[in-house]
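Please look over the sequence and the model before reading on.

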Amino acid sequence: MLKLYFSPGACAMASHIALEESGAPYDAVRIDLKKGEQKTPAYLAINPAGVTPALETERGVITQNAAILGFIAQTRPQQNLAPVGDPFRMARFNAFNGWLGSSLHPAMGRLLFSRPPLEGEARTEAVEAVLVKLQLVEDGLLEGPWVMGDTYTLADGYLMVFERWARGADLLDPGRFPGLNAHLDRVQGRAAVQRVLEAEGLDAV
């Protein structure tokens, strides 16, 4: 049995969605970041980095959304959740997920979760940095209607996490980002995603 450690509404939602889409049996363990549960000895024994997600498998623990999404897609190939049979397309899938984790996520995290909150010029610069990255997805990285084109993949659930954050922060102007807004609505409408939102105690945005 797979066991996912997640925090509601955080980036680990991408891995939560992936498991739900895959149909694989799994347990989900909630880690409360606000209470500091990610820093407890028990959790640090699972993921020494003290972050979510972490996925326990029969062979050990996998961390990082991009790695977990690839693992789920490759262990459940019958669900067609990534282009696992096409090395080039699979590389594009992995590259997009890697970019989300290494570029968009840090930019949004700095803007939305810095403590104390950013103010003045620092906030203005952080907003512009996020908008530039969202524009890159809107104009080029989103092959659309799904990330990889005509077929839903687990990259769509990962992108949706940051689209939710952006819409919640009034950064996803429909006039500027029609593709991202339509994509967010499309992903949130999927049955598996709705089940994850319910399990995490969240509403669609």
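Across which strands does α1 lie, and at about what angle does it run to β1? Helix α1 lies across β1, β2 and β3, and its direction makes an angle of about 150° with that of β1. The model discussed here is a predicted one.

- Strands of a sheet pair through backbone hydrogen bonds, in either a parallel or an antiparallel sense.
- In this model an open sheet is built from four strands, arranged in the order β2-β1-β3-β4, with mixed pairing.
- Its edges are formed by β2 (residues 26–30) and β4, each of which pairs on one side only.
- On average, neighbouring strands of the sheet are turned by 20° against each other, when direction is ignored.

**Strand pairings**

- Strand β1 (residues 2–6) runs antiparallel to strand β3 (residues 54–57), and three bridges join the two.
- Within this pairing, Lys3 is placed opposite Glu56 of β3, and Leu4 has Leu55 of β3 as its bridge partner.
- Strand β3 also pairs with strand β4 (residues 60–63), again in the antiparallel sense, and this pairing has four bridges.
- Ala54 has its bridge partner, Thr63, in β4.

**Helices α1 and α3**

- Two packed helices are described by the angle between their axes and by the distance between those axes.
- For helix α1 (residues 13–22) and helix α3 (residues 65–75), the axes come within 9 Å and cross at roughly 5°.
- The two helices, α1 and α3, are therefore roughly parallel to each other.
- On the α1 side, the contact is made by Ala14, Ser15, Ala18, Leu19 and Ser22, and on the α3 side by Asn65, Ile68, Leu69 and Ile72.
- Of the residues in this contact between α1 and α3, six are nonpolar and three are polar, while none is charged.

**The largest pocket**

- Rolling a probe the size of a water molecule over the atoms shows where empty space is left.
- Helix α6 provides the largest share of the lining, with five residues.
- By type, the lining of the largest pocket comprises 14 nonpolar, 12 polar and four charged residues.

**The second largest pocket**

- The volume of the second largest pocket is about 200 Å³.
- Its lining is made up of Met1, Leu2, Thr57, Glu58, Arg59, Gly60, Val61, Ile62 and Phe71.
- Strand β4 gives the largest share of this lining, namely three residues.
- The lining of the second largest pocket divides into five nonpolar, two polar and two charged residues.

Note on methods
Residues numbered from 1 in each chain as written. Predicted model: local features only at pLDDT ≥ 70, side-chain atom pairs only at ≥ 80, totals over all residues. Heavy atoms only, no water. Axes fitted to C-alpha atoms, helices over the stretch in contact; angles between N-to-C directions. Parallel < 35°, antiparallel > 145°, perpendicular 65-115°, else oblique. Contact = heavy atoms within 4.5 Å. Nonpolar A, V, L, I, M, F, W, Y, C, P; charged D, E, K, R; others polar. Pairing = 2+ DSSP bridges. 1 Å grid on protein atoms, 1.4 Å probe; cavity = no way out; pocket = protein on both sides within 12 Å on 5 of 7 lines; lining within 4 Å. Points joined across faces, edges and corners; volume = space filled by probe spheres on them.
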